[in-house]
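Subject: Handover of a structure, with notes on helix packing and cavities

Dear colleague,

Please find below the structure that I am handing over to you.

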Amino acid sequence: MSKHPNRNWQIMTLLSLFLGYVGYYICRSNLAVATPLLLKEYAEAGITKTDIGTVASVGVMLYALGKIINGYLADFLGGRLMFLTGMIASVLFSIWFGLAGGLTLFVIIWAGNRFFQSMGWVALVKTASRWFPVQWHATVMAVLSLSFLFGDAFARVYLGRLIMLGESDSSLSFLIDWRTIFFISAGTLGLITVFVYFSLKSSPIDVGLEEPEANPLNVYGAEGNHAQRISIAEVLKPLFASPLFWLICIMNFSLTLVRETFNFWTPTFLNEVAKFEIGQAAVGSMLFPLVGGCSALLAGITSDRLKGRHGRVILPSLILLVLSLILLTTIDVSGKPYLALTLISLVAFFLMAPYSFLSGVMAIDLGGKRGCSTVAGLVDSAGYLGAILSGHTVGMIAEYYGWRMAFGGLAGICCTAVIAGLIYWRIQERQMNLAQLLPTEPEPEAPHVPQ
């Protein structure tokens with residue numbers, strides 16, 4: 001067995017995980033892109049933003065539940081199997097949604113889709129933990145975070161352009177509706193699934209290579225280097241005893257609420273307030289994940305250069321995020337599309353730097369190979385419990401009190417993340433400083449061979 005993973009296999013693994021998770025997002029962002037069309041078609045049936053927000057919120061609830069269940073299953077069954085299962089199920093649910101009609105079916109089908117979509121990230125984290133060395137973790141997970149950020153941006157441009165095509169050509173308008181958006185999403189993910197099936201391996205061991213070592217500061221100690229199946233009690237006990245785990249969950253609660261709010265409602269906000277056309281709003285909304293992706297990559301590279309001291313990146317970003325949300329609350333962007341996009345981009349830049357760490361590199365560092373997908377699942381589930389508010393509650397506040405009030409509420413909630421980020425920074429710095437002071441065992445001397 002070769003001592004180190006082959007660089008070509010690492011690149012192929014990175015590409016497969018990246019492209020696969022882009023595909024996941026094509027079948028997730030489709031509802032946000034199609035929402036203005038759904039509202040237009042079902043206006044006479046009485047379906048409002050609050051109703052579509054309910055569809056999104058129930059989906060988030062099942063996504064949060066799925067993160068808990070599927071996080072442990074990925075640690076137990078392996079990353080590749082879970083990654084492919086989620087992709088296939090998402091294709092089928094997207095087709096079903098496009099064939100359905102009525103609020104009740106929308107809620108049920110979208111909830112099922114989001115449950116299986118929850119397999120994607122935890123399986124990605126599990127696979128990455130076995131392929132890449134600790135000194136690359138922040139950069140690798142930042143690159144993989146681009147898959148959901150640029151994947152989201154790509155989905156909005158890709159699907160938004162289809163809507164614009166229908167808006168500009170009356171002969172195509174009857175062919176390109178919200179149902180078409182879901183069918184094309186499913187077909188695209190289906191093609192990506194075929195590629196990933198042949199290109200992705202669970203571990204370097206599958207191709208005769210050796211796995212890199214896990215982060216020595218993981219909560220399982222030396223056992224964190226092993227990915228063997230263990231009971232859920234053995235996985236959870238060390239995690240629940242770690243204060244860093246709970247602080248990460250608190251931060252993710254606030255940040256996922258903000259992210260999901262902007263992911264889902266940005267096209268509608270740009271259409272209603274900034275006065276974009278529906279197709280333009282869908283394309284314009286891609287700026288949020290695009291700017292966020294640049295921020296996540298910059299943050300990952302910076303953290304690796306700081307030798308994994310994530311708090312030094314997270315805390316300043318959280319403070320500036322609160323200030324950015326306050327700007328969006330106080331500045332009037334009615335009929336000012338470029339000003340609206342500028343302020344949304346500012347929020348994205350300071351949000352995605354800390355957000356991309358929480359269930360990515362922090363999950364791998366905390367859980368090692370043994371429990372990283374469980375950590376990612378639990379952290380994400382905490383986040384998506386907060387994100388439940390992003391659909392129905394934010395939609396209701398926007399409906400009755402306006403978008404400024406909705407953004408002001410988000411700024412207040414993010415103050416909690418700032419406090420958690422400060423405590424996290426102090427604890428992590430102390431742990432890393434102590435680790436540097438610990439003596440390392442000297443290597444045994446080579447035996448003397450008489451000449």
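This is a predicted model: local features need pLDDT of at least 70, side-chain atom pairs count only at pLDDT 80 or more; totals for chains, interfaces and linings use all residues.

Helix 1 and helix 4

Helix 1 and helix 4 pack with their axes 10 Å apart, at an angle of about 155°. The two helices are therefore roughly antiparallel to each other. Helix 1 passes helix 4 in a left-handed crossing. On the side of helix 1, the contact is made by Tyr24, Cys27, Arg28, Asn30, Leu31 and Leu38, and helix 4 contributes Phe106, Trp110, Asn113, Arg114, Phe116 and Gln117. By class, the residues of this contact comprise seven nonpolar, three polar and two charged.

Helix 1 and helix 3

Helix 1 (residues 7-41) also meets helix 3 (residues 79-99): their axes come within 10 Å and cross at roughly 25°. Helix 1 and helix 3 are therefore roughly parallel to each other. The crossing in which helix 1 passes helix 3 is left-handed. From helix 1, the residues in contact are Ser16, Leu17, Gly20, Tyr21, Tyr24, Cys27, Asn30 and Leu31; from helix 3, they are Met82, Phe83, Gly86, Met87, Ser90, Ser94 and Phe97. This contact of helix 1 with helix 3 consists of nine nonpolar and six polar residues, with no charged ones.

Helix 12 and helix 13

Helix 12 passes helix 13 in a left-handed crossing. In the contact of helix 12 with helix 13, 16 residues are nonpolar, two are polar and none is charged.

Cavities

How many cavities of 30 Å³ or more does the structure hold? There are four of that size.

The largest cavity contains about 150 Å³ of space. It is lined by 15 residues, and those nearest its centre are Arg28, Arg114, Glu260, Asn263 and Phe264. Two or more lining residues come from each of helix 1, helix 2 (49-77), helix 4 (103-117), helix 6 (137-168) and helix 9 (243-272). Helix 1 gives the most to this lining, with five residues. The lining of the largest cavity divides into seven nonpolar, three polar and five charged residues. Arg28 and Arg114, which are among the residues nearest the centre of this cavity, also belong to the contact between helix 1 and helix 4.

The second largest cavity holds about 90 Å³ of space. Of the 15 residues that line the second largest cavity, Trp121, Phe148, Tyr355, Ser359 and Asp380 are the closest to its centre. The elements that give two or more residues to this lining are helix 1, helix 2, helix 6, helix 13 and helix 14 (361-400). Here, too, helix 1 gives the most, with three residues. Seven nonpolar, four polar and four charged residues make up the lining of the second largest cavity.

In summary, helix 1 packs against helix 4 and helix 3, and helix 1 gives the most residues to the lining of the largest cavity and of the second largest cavity.

Yours sincerely

Definitions and conventions: Residues are numbered from 1 along each chain as its sequence is written. Side-chain values use heavy atoms; hydrogens and water are left out. Axes are lines fitted to C-alpha atoms, for helices over the stretch in contact, and angles run from 0 to 180 degrees between N-to-C directions. Helices (H or I, at least four residues) and strands (E, at least two) are DSSP runs, numbered from the N terminus. Angles under 35 degrees count as roughly parallel, over 145 as roughly antiparallel, 65 to 115 as roughly perpendicular and the rest as oblique. A crossing is left-handed if the near helix is turned anticlockwise from the far one by less than a right angle, and right-handed if clockwise. Contact means heavy atoms within 4.5 Å. Ala, Val, Leu, Ile, Met, Phe, Trp, Tyr, Cys and Pro count as nonpolar, Asp, Glu, Lys and Arg as charged, and the others, Gly among them, as polar. On a 1 Å grid over the protein atoms alone, a cavity is a set of points where a 1.4 Å probe fits but cannot get out, and a pocket is an open set with protein on both sides within 12 Å along at least five of seven lines; lining residues have an atom within 4 Å of a point. Grid points are joined across faces, edges and corners, and a volume is the space filled by probe spheres set on the points.
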